Amino acid sequence: MVHRHISNDEMLDPAYAGRFAHAPIPKNRMPENESLAGSVYRMIHDELLLDGSSRLNMATFVTTWMEPEAEQLMAETFDKNMIDKDEYPQTAEIERRCVNIVADLFHAPNKGDAIGVSTIGSSEAVMLGGLAMKWKWRQRREAAGLSLSRPNMVMGSNVQVVWEKFCRYWDVEPRYVPVTADRFTVTPDDVMQRVDENTIGVIPILGTTYTGEYEPVAEIHDRVVAYNTEHGTDIPIHVDAASGGFVAPFLDPDLIWDFRLPQVKSINVSGHKYGLTYPGIGFVVWRSADDLPEELVFHVNYLGGDMPTFTLNFSRPGNQIIGQYYNFVRLGRDGYRRIMESLRATALHLSSAIAKLGPFDVVSDGSAIPVLAFKMNASAGFTVFDVSDRLRANGWQVPAYTMPADAEDVAVLRIVVREGFGMDLADMLLDSIGKAVDHLQQYPPPHAQSEPGFNHT
């Protein structure tokens, strides 16, 4: 969010003894005097009680539970700045191991020179991947003596907003592949209609934000390869695996979407989603060092050593990478597999039960990543927004929203099943959904038919 400066005299008036008893605390200015640590803690702690419970937040993909041992390790490393490689060499070594683990998970060529970095999350990873694609496109065009104007990127209208930000910030034309009212992923035909010699990259999604579905990465790949062969181009594919990159390798190991496809040049993934680590940690990996232009890598003489760095954030704490490494070692492949199987089973249980309630049609059932989306059908006399409001009254945060361009008349509810959300909580949520439906059927909202999302397309 962008926060505007407020210069009024609004005050906080905590109900505590000690230093806070003397005068209210200004909200928008620093107080003149210091206060007791315990009193400040209690004031802020109690204010935060007004937030919803993160465990009942079915909107977020971000991890909301980790083991106590992981939390302890992360607390012990809050103060380590990851950019200080010479001062914290073992943290740097653990980062290197994590990048290699991710590259191996995505089948980076064993005899190649894959390269990658850790990031604050997939948003930063996307920016870095996009920059590498633009620079490589520019190098190819310069070498051929061709124009550098009007670079474009081909992606679905269902992409996460960070891709739109990349295009706007770095002057790349976004070419959006439309979804439809009954299909919320892209098709290879629609993708290829938008590709040309100025395309810096094609971006299929492994686990869309809207519905959790996988896009047909292999089919898109083969079409891009054929186009490159016919036109003498070298358009790369970057897979946005923010949500599915830590799911597909364990639940769908035979699904070909990663570096096993030769034109997949880079992949991003969020460790703080199904990597099971608290925010924010992500990774971007390139198939080869040649896919990351050297001029994007800065060599910084900082605190006694040469540091090659490719990042948008110079300073960041080392604790997230420590938490991620804890998970990799603690769980191993078998542990991740069992957790993902459990989450998928919970998602399928939810989607099956929701389909039987009557007013809902399931859009995605959680069989890809453990995310399900469902909309109202013609039998309902209320909207997904009404259901979301009723659930929020019981503490559940289940988002309702309209689909992207060309499918805006479709509105859905989405549930993200994460670590720490098991069958017991799922049954409690189902009970709350059932009660919300009963209430709305007994007391239909008079405004429902005029709200967005009432069109049951």
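How are α9 and α11 oriented, roughly parallel or roughly antiparallel to each other?

## Helices α9 and α11

α9 and α11 are roughly parallel to each other; an angle under 35 degrees counts as roughly parallel, over 145 as roughly antiparallel, 65 to 115 as roughly perpendicular and the rest as oblique. The axes of α9 (residues 319–355) and α11 (residues 423–442) cross at roughly 20° and come within 10 Å. Axes are lines fitted to C-alpha atoms, for helices over the stretch in contact, with angles running from 0 to 180 degrees between N-to-C directions. α9 passes α11 in a right-handed crossing. A crossing is right-handed if the near helix is turned clockwise from the far one by less than a right angle, and left-handed if anticlockwise.

On the α9 side, Ala345, Thr346, His349, Leu350, Ala353 and Ile354 take part. They meet Met423, Ala426, Asp427, Leu429, Leu430 and Ile433 of α11. Contact means heavy atoms within 4.5 Å. The residues of this contact of α9 with α11 divide into nine nonpolar, two polar and one charged. Ala, Val, Leu, Ile, Met, Phe, Trp, Tyr, Cys and Pro count as nonpolar, Asp, Glu, Lys and Arg as charged, and the others, Gly among them, as polar.

## Model and numbering

This is a predicted model: local features need pLDDT of at least 70, side-chain atom pairs count only at pLDDT 80 or more, and totals for chains, interfaces and linings use all residues. Residues are numbered from 1 along each chain as its sequence is written, and side-chain values use heavy atoms, with hydrogens and water left out.

## Overall fold

The protein has 11 helices and 15 strands. Helices (H or I, at least four residues) and strands (E, at least two) are DSSP runs, numbered from the N terminus. The radius of gyration is 24 Å, close to the 23 Å that the globule rule gives for 457 residues, so the protein is as compact as a globular protein of that length. That radius is taken over C-alpha atoms, and the rule is 2.2 Å times the number of residues to the power 0.38.

The C-alpha trace spans about 70 × 60 × 50 Å along its principal axes. Buried residues make up 51% of the 457. Buried means under 20% relative accessible area, exposed over 50%, partly exposed in between (1.4 Å probe, protein chains only). Of the contacts with a separation of 6 or more, 69% join residues 24 or more positions apart.

## Helices α2 and α9

α9 also meets α2 (residues 68–76): their axes come within 8 Å and cross at roughly 150°. That makes α2 roughly antiparallel to α9. The crossing is right-handed. α2 contributes Glu69, Ala70, Leu73 and Met74, and α9 contributes Asn319, Gln320, Ile322, Gly323 and Tyr326. By class, the residues of this contact are five nonpolar, three polar and one charged.

Pro308 is found in strand β11 (residues 305–309). Pro308 is exposed, with a relative accessible area of 51%. Leaving aside residues up to four places away in sequence, Pro308 touches Val297, Phe298 and His299. Phe298 is 10 residues from Pro308 in sequence and 5.4 Å away, C-alpha to C-alpha.

The peptide bond from Pro279 to Gly280 is cis, with omega near 0°. Gly280 is in the loop between β8 (264–270) and β9 (282–286). His107, in the loop between α3 (89–105) and β3 (115–119), has phi near 60°, a positive value in a residue other than glycine. His107 is partly exposed, at 36% relative accessible area. Arg150 has phi near 60° and lies in the loop between α4 (122–143) and β4 (152–156). Arg150 is exposed, at 59%.
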